[in-house]
Amino acid sequence: MVGRGSVSEIVQDGFTVAIDGPAAAGKGTISRAVAAHFGFAHLDTGLLYRAVGRQVLAGIDPVVAAQALSPSDLADPGSLRSAAIAEAASKVAVIPAVRAALVDFQRAFARRTGGAVLDGRDIGTVICPDAEVKLFVTASPEVRAERRLKELRAGGFDTDYDTVLADVRARDARDGGRAAAPMAAADDAVLLDTSAMAVDEAVAAAIRVVATRR
Ligand code: CDP
């Protein structure tokens, strides 16, 4: 049938790389590098939840905030990187209606012409279960806390290792334990443990995985 054929042609036009994993495992760095290497667009889906979290800290209802989210809310990503906003994001992310409000935007981005990399917690499992490539990037909580501490200090946030490690563990528990789209590796995801890897090695490993499927 003509109609059915043209729909599947449009759907096959995209190439989606789904990169999931816990806080500060290296998803962001790897995703940006993979996108730059292959000329794909990149969406850090955590920013969507962080933007909703920021609105909630300002007293707005989470579902209302998620439904009204617009690209301008993501315009200054640096301002969304605080530990307080990360925690607020992980709290709003347990609410099914918040997640539902963000699905269409993410799926449309994933299938855009020219390829897309999305990083988050549920991209390979819920948002893009048909992604051409799925990676699950992990590292030990201690290594992740070290990395996040450096990032936060570089961003001008004053904190210490023990606080950051406690935040990382609390977020792992909340993100992995929630009922709605819990953080999980898809059955067909390639696992990448970056605990003992330099950034360049982790990026090269991810690029190799994508290159084999293109
Ligand atoms: O940068 P980091 O890995 O610390 O966090 P993020 O990716 O910015 O995500 C912040 C929070 O948003 C996470 O702790 C999750 O609770 C939530 N999130 C989610 O539930 N689903 C996603 N696809 C992305 C983020």
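A search of the whole structure, which is a predicted model, finds two aromatic pairs (rings of Phe, Tyr and Trp, the last by its six-membered ring, with centres within 6.5 Å). Select F15 and F40: these residues form a tilted pair, 5.5 Å centre to centre with 35° between the planes. Planes under 30 degrees apart would count as stacked and over 60 as edge-to-face, the rest being tilted. F15 lies in the loop between α1 (2-12) and β1 (16-20) and F40 in the loop between α2 (27-38) and β2 (41-44), so the pair ties together parts that are 25 residues apart in sequence. Helices (H or I, at least four residues) and strands (E, at least two) are DSSP runs, numbered from the N terminus.

Next, select the ligand and the residues around it. Of these 18 residues, R50, R99, R148, R171 and D175 come nearest; a residue counts as near if one of its heavy atoms lies within 4 Å. The shell holds five nonpolar, four polar and nine charged residues, with Asp, Glu, Lys and Arg as charged. Helix α3 (46-57) is one of the elements supplying at least two residues, and α3 gives the most, with three.

Now display the polar contacts (pairs of N or O atoms within 3.5 Å). A polar side-chain atom of R99 lies 2.8 Å from an oxygen atom of the ligand, and one of K27 lies 3.0 Å from a ligand oxygen atom. The side chain of D122 has an N or O atom 2.9 Å from a nitrogen atom of the ligand. Of the 520 Å² that the ligand exposes when taken alone, the protein buries 97% (Shrake-Rupley method, 1.4 Å probe).

Residues are numbered from 1 along each chain as its sequence is written. Local features need pLDDT of at least 70, side-chain atom pairs count only at pLDDT 80 or more, totals for chains, interfaces and linings use all residues, and side-chain values use heavy atoms, leaving out hydrogens and water.

Technical notes: Polar contact = N/O pair within 3.5 Å; in protein donor to acceptor, adjacent residues only side chain to side chain.
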